[in-house]
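Please open the model in your viewer and keep the sequence panel beside it.

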Amino acid sequence: MTWRVGLLVPSSNSVMEVDFYRSLPHDATLHTSRMYLDDATPAGEERMLDRSMLSAVAALGTVQPHVVVFGCASGATLRGTEFDREICARIGQMTGAATVSVLASVNRALLDTRALHVTVVTPYCDQVNERVRACIEADGIQVSAMHGMGLSTIEGAAVPPEAIYSFVQSAVGPRVRGEALFIAGTNYQAMGALSLLKMTYDVPIVTSNFAALQAVKRQLEDLRERDMTRLSS
């Protein structure tokens, strides 16, 4: 059986879709729906959530996905974790699919590391970084250091993995402050830098897109098991 994975992203996101189609299991296909984002500012993201999110969900529902990823962490950073939970529930109702939240996936990945303190690297400016910090610390993990490149989400997408690796090295130094390193941003080529980072730092490393992919793979495994049980009965 082929499993259909739906991905809901801001229209300017050029990274998350690529990370997913390169990494999904062979029995899964990717189907992307874009929420129109004309201005990568908090005001523009608010308009996106209010004006085009639900229509993009409805369009995605027409492919009858088995799993849908809400690939927009800015919804949670702008409106809080409760909004993130509510919109994922709404997506599930509208599409009939299991849902995956980037925020929840990252929080689970960080909690799985058992880290009490984490260093965070982002492409963002200080204002956005403080919202990212609040989401992480809401789950009881202390952000011991925060380093941002001062870029917009669109500018961050253009940073190649090698430059991300170099920035982490220069900003973080030889040792991570804390028990884990988190590189935030769905429109940031952090997955491409993972292999170099893992050779450099001896702590668990979490990225937004990798955490979401792992959550999708868990959902797919559950669906496969249910399908096998149905067939065997």
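Select R85 and E82, whose side chains meet in a salt bridge with N and O 2.8 Å apart; a salt bridge is a side-chain nitrogen of Lys or Arg within 4 Å of a carboxyl oxygen of Asp or Glu. The two residues are separated by about one helical turn, because they stand three residues apart in helix α5 (residues 81-95). Helices (H or I, at least four residues) and strands (E, at least two) are DSSP runs, numbered from the N terminus. R85 is exposed, with a relative accessible area of 51%, whereas E82 is partly exposed at 41%. In these terms, buried means under 20% relative accessible area, exposed over 50%, and partly exposed in between, with a 1.4 Å probe and protein chains only.

The model is predicted: local features need pLDDT of at least 70 and side-chain atom pairs count only at pLDDT 80 or more, while totals for chains, interfaces and linings use all residues. Residues are numbered from 1 along each chain as its sequence is written, and side-chain values use heavy atoms, with hydrogens and water left out.

**Further salt bridges**

The structure holds eleven salt bridges. Select R108 and D112 next: their closest N and O atoms are 3.6 Å apart. Where does this pair lie? Both residues belong to helix α6 (residues 102-112), and being four residues apart there, they are separated by about one helical turn. R108 is partly exposed at 41% relative accessible area, and D112 is exposed at 52%. Salt bridges that share partners also join D27, E221 and R224 into one network.

Now select R47 and D39, whose side chains form a salt bridge with an N to O distance of 3.9 Å. R47 is partly exposed at 27% relative accessibility, and D39 is partly exposed at 30%.

**A sheet of four strands**

Select β1 to β4. These four strands form an open sheet in the order β2-β1-β3-β4, with parallel pairing; two strands pair if DSSP finds at least two bridges between them. β2 (28-35) and β4 (98-101) stand at the edges with a single partner strand each, so one side of each has no neighbour in the sheet. Neighbouring strands of this sheet are turned by 20° against each other on average, direction ignored. For such angles, axes are lines fitted to C-alpha atoms, for helices over the stretch in contact, and angles run from 0 to 180 degrees between N-to-C directions.

Within this sheet, highlight β1 (residues 3-10), which pairs with β2 in the parallel sense over eight bridges. Select G6 and look across to β2, where H31 stands opposite.

**Another sheet and a helix across it**

Select β5 to β8. They form an open sheet in the order β6-β5-β7-β8, again with parallel pairing. Its edge strands are β6 (142-148) and β8 (205-207), each pairing on one side only. The twist averages 20° from one strand to the next. Which strand is joined to β5 (residues 117-122) by six bridges? The partner is β6, and the two run parallel. V120 stands opposite M146 in β6.

Is A211 buried or exposed? At 5% relative accessibility, A211 counts as buried. A211 is found in helix α11 (residues 208-232). Not counting residues up to four places away in sequence, A211 touches S105, V106, A109 and V206; contact means heavy atoms within 4.5 Å. Although A211 and R108 are 103 residues apart along the chain, their C-alpha atoms are separated by 8.2 Å.

Turn to A158, in the loop between α8 (153-157) and α9 (161-172). A158 counts as exposed at 61% relative accessibility.

**The whole protein**

Finally, display the entire chain. The secondary structure comes to eleven helices and eight strands. Along its principal axes the C-alpha trace spans about 55 × 40 × 30 Å. Of the 233 residues, 49% count as buried.
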